[in-house]
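Biologist: Please take one part of this model and walk me through it closely, beginning with the chain it belongs to and ending with what surrounds it.

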Amino acid sequence: MGYQWNGQEIAADEEGYLTDLSQWNPELALLIAEDEKVNMTDDHWEVVNFLREYYDEYQIAPAIRVLTKALKKKLGEEKSTNKYLYDLFPYGPAKQACKIAGLPKPTGCV
Amino acid sequence: MYIKTDPSEATQIDPLEMPALCPGAMAASTPWVASPDHQTSCGFPGELVDNWKEKAIEKMGELLTKYRSLKVYLDSCVKCGACTDKCHYFLGTGDPKNMPVARQDLLRKVYRRHFTLAGKWFPSLVGAEDLTEEVLNDWYSYFHQCSQCRRCSVFCPYGIDTAEISMAGREILDHIGKGQKYCNEIIGKVHTIGNNLGLRPNALRSTLEGLEEDIEDDTGVPVKLPLDQKGADILLVTPSADFFAEPHIDGLIGYAKVFHAAGASWTISSYASEAANFGMFIGSYENMRQISLRIRQAALDLGVKRIIFGECGHAWRVAYSFLNTLAGPFDFLDPRYPVPQHICEYTWDLIEQGKLQFDKSKNDHIRLTFHDSCNVARATRMGDKPGGQFEIPRAILRTVCNHYFDMPADTIKEATFCCGGGGGLLTDELMDLRKKGASPRMKALQTVQQEHGVTHMAAICAICKTQFSKVMPDHGFERDSILSVHQLVSNAIILEAPQDDD
């Protein structure tokens, strides 16, 4: 599986996660989100951008709790609950948001 | 069968209801195949080898010599049928190849063809068959529709262990180059990074520090989650999901509070930051051993006296049943304590000694039941009495929660149902199978919801917790209705506030 973007074939694994993380860009993110039936709003971008920043530092996506805590600091109580994250990314904030952010899928018993 | 208190009020729900047969219904259910990188990280050929038939038979012959049990299981089935309706995947899918006997027969028919006299000479008379591509595909599909929960083996008059047969099937598949992506990618990460998630020490440290802040904000008590602390008494080995997912992380907070209340000296290791051992799921002794040796190494490096395992089902099986064989002897640990111990044993011991105080009313908004995780229930014990693995978690829950109710007797304890995601099947491409396999447990839960108003279920397994948070919303429960046992402990425990120096 892969994505057609700007005349290029961008490689992805069976589930649509990018195989080369350096190929990610915001337009490609919109394309992935479309496949996921997620309509990207500013709220979605807040999450995606935080995931990418965290990944840059730690080479892994943050725990859900770390994500909600960061959102709470920045956007307040209402936009930091698990329910809020699931409303944005119905398949689960960790997996679906990571896919759109061009990050690898979290593995393990999660 | 379970007797309902008031049949007029309860809808008829039977968790054990026999489904209509749907031959081939799940033939297309297959997990992603491991990539060459994932395969080689576990010591297997990168892709399907050219002479896979010969290699598969050769490997089967090797396993039959190595594991006497496998040969006994393949020889002793008399087709009595006792197992047929005991598998949650059969009950959920109706596919007859998910009857444990039929799943075993996928391997047994090839065994008979190559390793029994009658099968060599009169194959059609004894159900012996050659290994064809079709059979190989069936192996790949249906040995990944067994969560190795061993419920069927409880009911088998010969004690045939389907889990061991599906492990052997997967080991053969790995050795001919057709492994499963989910398990093998994860095992590779444990070998290189130390845990299933691929969580590096700096990320782990940052996560633990964040939790310390959260606990102090919440309780005013500086509860610590030490990492790589040399000279600590206790090494806690817990599934890496406890550092990442919900409700797992709330269980981790609970362990930390218990250690704090007991005044214990403890640490987590970044080198052995994983309790889970997926080597067991793929039947690979060598991978299981390598993963276990990391725990030994961490215990030696940190100079601990005890090893305690967190809430992880199959980890406790590997730890309780195999750790000493795989990575022992542990003669360098304090002989006054069991090697290893389960966090529930540790907490219960403190409760019995009166060392922990609780405010049970903190859990009064919860009407609780407990899901026995398959590997804990049928392959381990806790404490020093038979059945301790059933009674100790329940005793803890009754200590911290006022409203506790068991699910129907034929769906708990040794007859417990798998969550539907165990044994290396907790992967998104198998979601259809996972949802169907969860249905017997969900029906059992609905019976206590109707009869006792149960709102939440607790578990002591990372896989169960993730699986239930995914499937419970389909059955009228909130995603956060699945709880860690130590999350309930965490809610109710009374921590002494530090003395004010000012």
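Modeller: For the 110 residues of chain A, a compact globule would have a radius of gyration near 13 Å, and the 13 Å of chain A agrees with that; the radius is taken over C-alpha atoms, and the globule rule is 2.2 Å times the number of residues to the power 0.38. This is a predicted model, in which local features need pLDDT of at least 70 and side-chain atom pairs count only at pLDDT 80 or more, while totals for chains, interfaces and linings use all residues. Residues are numbered from 1 along each chain as its sequence is written, and chains are lettered from A and ligands numbered from 1 in the order in which they are written.

Taken along the principal axes, the C-alpha atoms of chain A fill a box of roughly 40 × 25 × 25 Å. Chain A holds 5 helices and 2 strands, where helices (H or I, at least four residues) and strands (E, at least two) are DSSP runs numbered from the N terminus. Read from the N terminus on, the order of these elements is β-β-α-α-α-α-α. The two strands of chain A, strand 1 (residues 2-5) and strand 2 (residues 8-11), pair in the antiparallel sense over 4 bridges, pairing being counted if DSSP finds at least two bridges. Within that pair, Tyr3(A) has Ile10(A) in strand 2 of chain A as its bridge partner. The two strands form a hairpin with 2 residues between them, and in the turn Asn6(A) has a positive phi of about 55°. Of the 110 residues in chain A, 33% are buried (20 or more other C-beta atoms within 10 Å; exposed is 12 or fewer, partly exposed in between; C-beta atoms are placed from the backbone).

The part to look at closely is the meeting of the two chains. There, 16 residues of chain A are in contact with 29 residues of chain B, contact meaning C-beta atoms, placed from the backbone, within 7 Å. On the side of chain A that touches chain B, helix 3 (residues 64-75) of chain A gives the most, with 4 residues. By class, the residues of that side are 8 nonpolar, 4 polar and 4 charged (Ala, Val, Leu, Ile, Met, Phe, Trp, Tyr, Cys and Pro are nonpolar, Asp, Glu, Lys and Arg charged, the others, Gly among them, polar).

One residue of chain B to follow here is Phe244(B), which sits in the loop between strand 1 (234-237) and helix 12 (248-262) of chain B. Phe244(B) counts as buried because 31 C-beta neighbours lie inside 10 Å. When its neighbours within four places in sequence are left aside, Phe244(B) is in contact with Ala63(A), Pro106(A) and Val110(A) from chain A, and with Leu197(B) and Ile249(B) from chain B. Met280(B), by contrast, is 36 residues away from Phe244(B) in sequence and 23 Å away in space, C-alpha to C-alpha.

Strand 3 (residues 306-309) of chain B runs parallel to strand 4 of chain B and is joined to it by 2 bridges, and Ile308(B) has Gln341(B) in strand 4 as its bridge partner.

Technical notes: Contact = placed C-beta atoms within 7 Å.
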